[in-house]
Amino acid sequence: MRDRVVQAALVAVLEPIFEAKFLGCSFGFRPGRSPRQALDRVSQALAQGQTWVVDADIRGCFDNIPHAPVIAEVAREVADGTVLALLTAFLKAGVLEGQDFQPTEIGTPQGAVLSPLLANIYLHRLDEALTAHGYTLVRYADDFVVLCRSQAEAEAALTAVRYVLAELGLALSEEKTRVVDVQSGMFTFLGYTFRQAWRFPSDRALRRLRAKLRPLTRRQQPRAVQAVVTAVNPVLRGWGQYFRHGHCLKAFDRLDGWVRMRLRSFLWKRKARGRAHHLWPNAYWASLGLFALVTLARPADPLRRGAAV
């Protein structure tokens, strides 16, 4: 806890200094910026005809940031030896694997308070290089895409990305990096899949939500149905709030039906043998207060009006 307090204090000192330098293409873990803004910037670029996308993935970014260069980047703006010493101590604190202590010679711990800021500081050179070449970069921490107007431009952007990352001591995950034309293909960014002018929850996001809901709605559990509904609602509401900013109605409607099916199976196991849909219709679950994802779909959801945003 003391370490986290010290890291938070370091963030309070360093963040205003580097916020003055950071570019508009960076959205992750910055005050006043959000995933939705990054997603909207991608949609805007696609609407402007930048439909060739470099869908890139940095191999183990947080685990592979070298200590000396990132400290040097901080030292360009901060001369206070105490701050630099604390930063060095944080990076070299080591980790416990079971009962074994392992020194950390490289990387920043994922989940640590200071790590996102250090990643932004270190990857700022990538932002500067691509922006200077006129590429449309949208970066959220170590997750980023480059949007271009042609395949040739996208291939050149990918070459530039590889070059800058090599200078930083990082590399792309080749199996997860590709150039795609959204007119005929698709890519995923921040949990959304983009295809043409559409964006909607990715298959992985849907699988992860179902995996989280399955243990809450399993048939063999000693809870009342109202308690199950109470446990399910925050998960649905939080997930839906994030994914409501896209073409979500179809996915939301299917998920609502899947949740009700799980809950009907829960009651069928306990109370009756018969057609569960007629025994406990949708209105029954609404009367219990089950949250419905479709209530979050915007009235202007393109799936309702048959057009893209």
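What follows is a short chat about a few residues of a predicted model.

Colleague: Which residues form the positive surface patch?

Modeller: The patch is formed by K176, R204, R207, R208 and K212.

Colleague: And where does R204 sit?

Modeller: R204 is in helix α8, which covers residues 203-213.

Colleague: Is R204 buried or exposed?

Modeller: R204 is exposed, because its relative accessible area is 54% and the cut-off for exposed is over 50%.

Colleague: Other arginines, then. Which strand holds R139?

Modeller: R139 lies in strand β4, residues 136-140.

Colleague: Buried or exposed, that R139?

Modeller: R139 is buried, with a relative accessible area of 0%.

Colleague: What does the side chain of R139 reach?

Modeller: The R139 side chain reaches the backbone oxygen of A141, at 2.8 Å.

Colleague: Changing topic: which helix is H67 in?

Modeller: H67 belongs to helix α4, residues 67-75.

Colleague: Why does H67 count as buried?

Modeller: Its relative accessibility is 4%, and buried means under 20%, so H67 counts as buried.

Colleague: What does the H67 side chain make a polar contact with?

Modeller: With the side chain of K92, at 3.3 Å.

Colleague: Last one, L165. Where is it found?

Modeller: L165 is in helix α7, which runs over residues 151-167. L165 is also buried, at 0% relative accessibility.

Colleague: How many Å apart are L165 and G49?

Modeller: From C-alpha to C-alpha, L165 and G49 are 27 Å apart in space, and 116 residues separate them in sequence.

Notes:
Residues numbered from 1 in each chain as written. Predicted model: local features only at pLDDT ≥ 70, side-chain atom pairs only at ≥ 80, totals over all residues. Heavy atoms only, no water. Patch = residues over 30% accessible without salt bridge, like charges linked within 9 Å, V, L, I, M, F, W, Y side chains within 5 Å. Areas by Shrake-Rupley, 256 points an atom, 1.4 Å probe, with all protein chains shown as cover. Salt bridge = Lys/Arg side-chain N within 4 Å of Asp/Glu carboxyl O. Lys, Arg positive; Asp, Glu negative; His and termini not counted. Charge placed at Lys NZ, Arg CZ, Asp CG, Glu CD. Helix = DSSP H or I, 4+ residues; strand = E, 2+ residues; numbered from the N terminus. Buried < 20%, exposed > 50% of the residue type's maximum accessible area, 1.4 Å probe, protein only. Polar contact = N/O pair within 3.5 Å; in protein donor to acceptor, adjacent residues only side chain to side chain.
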